Amino acid sequence: MAYWYYRATELVDRGPLYREYAYVTNGGSNTVSVIDLRTFRLARTLQVGLNPTGVTANTLKNEIYVANTDSHNITVIDAERNHIVATIGVHGRPYSIDISPDGKRGYVANSASNNISILDLEKRAVIATVRVGANPGKAVVTPDGNTVVVSNRGDNTVSLVDTKVDAGNPAVRATVTVCAQPEDIAIALDSSEAFASCSGSNQVAAVDLKQARLLALLDVGKTPAQLALKPDGGELVVSNFGSESISFIETSSNEVGGTHLVGNKPARTLVSPDNARLYVSNFGSNAVAVYDIDFGRIVATVHVGSEPDGLALTADANHLLVLDSGSGDVTVIEKRVPKKFEKGEYFLLTMIPVGLKPNGIAVKAFRLPSTR
């Protein structure tokens, strides 16, 4: 059951056909928890593959995809019924899946087999396997859908896979040497440039995708773990897990604009849709910091469960969902105008128990077909 800490602002009724769910992968219990975000209650628990990690929602179809690292497959969930409808075998130890802009293809980096699997999401089948570098961690498709950028942790490179060579036979267009142990990937909104966080050298690499060349190596804090691009594309936020800080990179000039202390072991960041607020999960202090980007300072700290990691916002951006990987729950933080005698605008609403070691989250909002 969920534990309520104060009475929430009355939730908006968007009609009987509206649905909004959060899907949480529980790596330690081989399940996905489905949370109904209309009520902030657990709706269903689905048994998936072994050690589920990454989870992604298809923006054009009511489907959810789960990467099961230890069973080497992808689970497909029908979001309208919250039932598992398919399992697609891939190669060794996938950690995440990215979806093409048209919603028809899925791209999976297989870290133990040095390749990526390309899925036809209509047929729910693998249609191509492309050899890349050593120990690929992530495969991210550009907004224009023309290139898949793959971080190869084992040989310090980034592979650029051209998706348009042939619909059934994509190929590596180029391999670019970057910095030590590239992991997370972020892509510029115009698909011109990619950024890779390198935990082994405390740097972020900027890569020109058209000319397939390294543009810059930017020194940031220790152990950069995750990259978050602001919705306007102007800045990239780097979580420096080993130095209690975040760094801001100006994407137009490929320069570090500043580094700021935020808390103990910042694991993940998330920028609000209006580009005003940055949410930071501080893994080492069991808290979330709220950073005002315009003023350059922390404006709130909310204590959550143990070892907070992944973050997601509800569709209206009024509630922040925090994965507490150590305590096995999801903390819900509400943003609202404070009432009399209340301090601040962020409040711990509830904590929802899920499974063991929650590590990935995706939110899907949609309306059911009127003929259903």
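## Strands, core and salt bridges in a predicted model

Let's start with strand S5 (residues 52-57): six of its six residues are buried, so S5 is largely enclosed by the rest of the structure. Buried means under 20% relative accessible area, exposed means over 50%, and partly exposed lies in between (1.4 Å probe, protein chains only). Helices (H or I, at least four residues) and strands (E, at least two) are DSSP runs, numbered from the N terminus.

This is a predicted model, in which local features need pLDDT of at least 70 and side-chain atom pairs count only at pLDDT 80 or more, while totals for chains, interfaces and linings use all residues. Residues are numbered from 1 along each chain as its sequence is written, and side-chain values use heavy atoms, with hydrogens and water left out.

**Strand pairing**

S5 runs antiparallel to strand S6 (residues 63-68), and four bridges join the two. Two strands count as paired if DSSP finds at least two bridges between them. If you want a spot to look at, Ala57 has Ile64 in S6 as its bridge partner.

Further along, four strands make an open sheet with antiparallel pairing, in the order S13-S14-S15-S16. S13 and S16 stand at the edges with a single partner strand each, so one side of each has no neighbour in the sheet. On average, neighbouring strands here are turned by 20° against each other, direction ignored. For such angles, axes are lines fitted to C-alpha atoms (for helices over the stretch in contact), and angles run from 0 to 180 degrees between N-to-C directions. Five bridges pair S13 with strand S14 (residues 147-152) in the antiparallel sense, and Ala139 has Val150 in S14 as its bridge partner.

**The largest nonpolar core**

Which residues touch the most other members of the largest nonpolar core? Of its 16 residues, they are Val149, Val158, Leu160, Val178, Ile185, Ile187 and Leu209. Strands S15 (157-162), S16 (171-177), S17 (182-187), S18 (193-198) and S19 (203-208) each give two or more residues to this core, and S18 provides the largest share, three residues. A nonpolar core is a set of buried Ala, Val, Leu, Ile, Met, Phe, Trp, Tyr and Cys residues joined through side-chain atoms within 4.5 Å.

Leaving aside residues up to four places away in sequence, Val158 touches Val149, Val150, Asn152, Ala174, Thr175, Val176, Val178 and Ala196. Contact here means heavy atoms within 4.5 Å.

**Salt bridges**

The structure holds 16 salt bridges, each being a side-chain nitrogen of Lys or Arg within 4 Å of a carboxyl oxygen of Asp or Glu. Here are three of them, with the separation of the N and O atoms.

| Pair | N to O distance |
|---|---|
| Arg105 and Asp120 | 3.5 Å |
| Asp184 and Lys138 | 3.0 Å |
| Arg277 and Glu345 | 2.8 Å |

Arg105 in strand S10 (residues 105-110) and Asp120 in strand S11 (residues 115-120) are 15 residues apart. Arg105 is partly exposed at 23% relative accessible area, whereas Asp120 is buried at 8%.

Asp184 in S17 and Lys138 in strand S13 (residues 136-141) are 46 residues apart. Asp184 is buried at 7%, and Lys138 is partly exposed at 28%.

Arg277 lies in strand S26 (residues 277-282) and Glu345 in the loop between strands S31 (329-335) and S32 (346-353), so this pair ties together parts 68 residues apart in sequence. Arg277 is buried at 14%, while Glu345 is partly exposed at 24%.

Finally, a network of salt bridges links Lys61, Glu63, Glu122 and Arg124.
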